[in-house]
Amino acid sequence: MPPLMPFLVSVALMLVIGLGCLMIKRDMVRLLIGVEILFNAANLFFIALSTQTSGYIDPFAHSVVMMAIVLDGTVIAVGLAMVLNVYRHYKTIDIRKLRRLKW
Amino acid sequence: MVAQDFISQGFQIPLPLMVLLLGGIVTPILGLIAERVKIPRLREVWIIVVTTGAFCSVYFLYQQLRTVSGNVIVMLFWGQSPPFGGCFEIDMLSIFMAGSISFLGFLVAIYSVSYMEKESRLTEFYTLVTFMMAGMTGIVMAGDFFTLFIFWELMSLSSYVLVAFLKRRWGPIEAGFKYLLMSATASAFLLLSMSLIYGMTGTLNFAFLAISLREVALSPWIFMLFSSLIIGFGVKSAIVPLHTWLPDAHPEAPSPISALLSGIVIETGLYGLTRVLYLAFDPGFFQIPIAVLAVLTMTLANVTALLQQDLKRLLAYSSIAQIGYMLIGLASGTAYGVMGLFLHIFNHSLMKGMAFLSAGSIVHKTNTRDISSLRGIGRMMPVTSISLFIALLGLGGVPATNGFISKFILFNSAIGTGMAWLAIAGVLNSALSMAYYLRILITFISRAQGDENIEAREVHPLMVGVTLVMAILIIVFGLWPAPIISFANKASRTLFEGMVTYVNAVLS
């Protein structure tokens, strides 16, 4: 049974990095990367926890993670398509310029 | 179990879900044929057939469910036993929600045939609508967290694209990106809460969670799980600190989509929250936080709605306020309160669905959403406006509409559980909300002053017909609520007394 602590620390770090990325960055593509980091933190946590059963590694978590990777890939693809359309309308991908909708 | 058994048990899938998924896959093919061979209205007929089929198959499933002992049907994937495989579990609550979804979907499909007539890319539009309905139906029938997550993402993906569907304008694109960013972050937190649950119990199946998660001792992990569940489901259902995408996304989407999003998609998020919270925790654990969120949601949304000039944006804020009322039922922790919650979900899907459809008709004819420039529209489009007024009165909770019945039950349940302050907050908010509903009403029926120069006629009979049918249903369920109350009662009891049969059905 591998130790859980290194994984826990890295999951916590990835959560902090992902959320920080969402708060600080201006570039819309980087925001999507921040979302991807959050997804991967959850995926890594799944895999880390699946090693904690004694004697074997639970394959259930692996199937969940495979599916989750596909799902967040599609979400990011739709997001990138939207970034393209944003560029067409605003001629920029700076999120702070998207302020036409208020309240 | 030998391999032969796995194959012979096959891949079972609930009938409504099969109809919708098949419909979604066939729509692009039919759309291609319709464009090549020039058969007009082929897609439109097909989407109405699919949604009708979904509604009928929900009814068949209901008849089948009534004959099964314990009122739970479990459907396994290739005979995998539940702790390790995904499964569908269908009980009265699933049928109640699936019925609301397919009914509103059916009405919206008829409406959008006429509303979207002039738009291009209709094949994509109908495909996405069908898949969004399939996603919601899958969520309410999921028997484990993994299946729920897959259909959750199916629903979310379709709704991102549908919000940004009219991409030649800047508004939908900006709103769509905002929606995608917030909602995808929420999905990540949902996945995180799934991994926490998996770490605590070793399973994602709802029935096994109901047994094992209640025995986990209170630790920081439980609070982390609770907060990531609130974030994960709360963004989709627009609970107040997480609501900021909704007032942008709902007005900018095409009106039939606004009706679907406001009418049922955000409630599907609330369904997920209710199901998981009641399965995994004791009501005493989450009552106070949810009650505080309910008061915040109602008050902030109602106060902000007072300031709005945009008709559809006002309705969007009113949706957030209604979510606040529904949270009262969740906070009450009794079967009575949860009955109010689900009754209000059904009633709200009728009322807000219709409000958005009528508003859509008005916007369609006048090309403006500004309330003050719509002065006197009630005299030009009488039927649409009268249906809109009925919906608004229902949303405000005037007696003789169905909104009154469910709000009464919700506030009553708050008093019954000893949280009178919650009921008082709800009643005050209801009174406050009448202020902006009546403002629309007065502006619409007052005589035009001559300087607005809007020209409008009644819209296509199909669109008027849909709104009129929904208006009649609102009055009918307001005056004769017995059948729908007894159905909602059965649905909510499955969350409490039906828990044992729910668990037994999987474990056996």
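1. Arg121(B) lies in the loop between helix H4 (92-115) and H5 of chain B, where helices (H or I, at least four residues) and strands (E, at least two) are DSSP runs numbered from the N terminus. Arg121(B) has a positive phi of about 55° although it is not a glycine. Most residues other than glycine have a negative phi. With 13 C-beta neighbours inside 10 Å, Arg121(B) counts as partly exposed; a residue is buried if 20 or more other C-beta atoms, placed from the backbone, lie within 10 Å of its own, exposed if 12 or fewer, and partly exposed in between.

2. A word on reading the model: it is predicted, so local features need pLDDT of at least 70 and side-chain atom pairs count only at pLDDT 80 or more, whereas totals for chains, interfaces and linings use all residues. Residues are numbered from 1 along each chain as its sequence is written, and chains are lettered from A and ligands numbered from 1 in the order in which they are written.

3. On confidence, chain B averages a pLDDT (the predictor's confidence in each residue, from 0 to 100) of 86, and 94% of its residues score at least 70. Over residues 1-8 of chain B, however, pLDDT stays under 50, and the model has five contacts beyond four places in sequence for this stretch; two residues are in contact if their C-beta atoms, placed from the backbone, lie within 7 Å. Where pLDDT is low, the predicted coordinates should not be read in detail. For the complex, the predictor gives an ipTM of 0.95 and a pTM of 0.92.

4. A second residue of chain B with a positive phi is Ala238(B), at about 60°, although it is not a glycine. Ala238(B) is found in the loop between helix H9 (220-236) and helix H10 (246-252) of chain B, and it is buried, with 29 other C-beta atoms within 10 Å.

5. Phe125(B) sits in helix H5 (residues 122-141) of chain B and is buried, with 23 other C-beta atoms within 10 Å. Leaving aside its neighbours within four places in sequence, Phe125(B) is in contact with Met116(B) and Phe165(B).

6. Chain A has three helices and zero strands, in the pattern α-α-α along the sequence. The radius of gyration of chain A, taken over C-alpha atoms, is 17 Å, well over the 13 Å that the globule rule gives for 103 residues, so chain A is more spread out than a compact globule; the rule is 2.2 Å times the number of residues to the power 0.38. Along its principal axes, the C-alpha trace of chain A spans about 55 × 25 × 20 Å, and 32% of its 103 residues count as buried.

7. The contact between the chains takes 30 residues from chain A and 30 residues from chain B. On the side of chain A that touches chain B, the largest share, 15 residues, comes from H3(A). The residues of this side divide into 24 nonpolar, five polar and one charged, where Ala, Val, Leu, Ile, Met, Phe, Trp, Tyr, Cys and Pro count as nonpolar, Asp, Glu, Lys and Arg as charged, and the others, Gly among them, as polar.

8. Finally, Leu327(B) touches Ile239(B), Ile290(B), Leu293(B), Ala294(B) and Thr297(B), not counting residues up to four places away in sequence.
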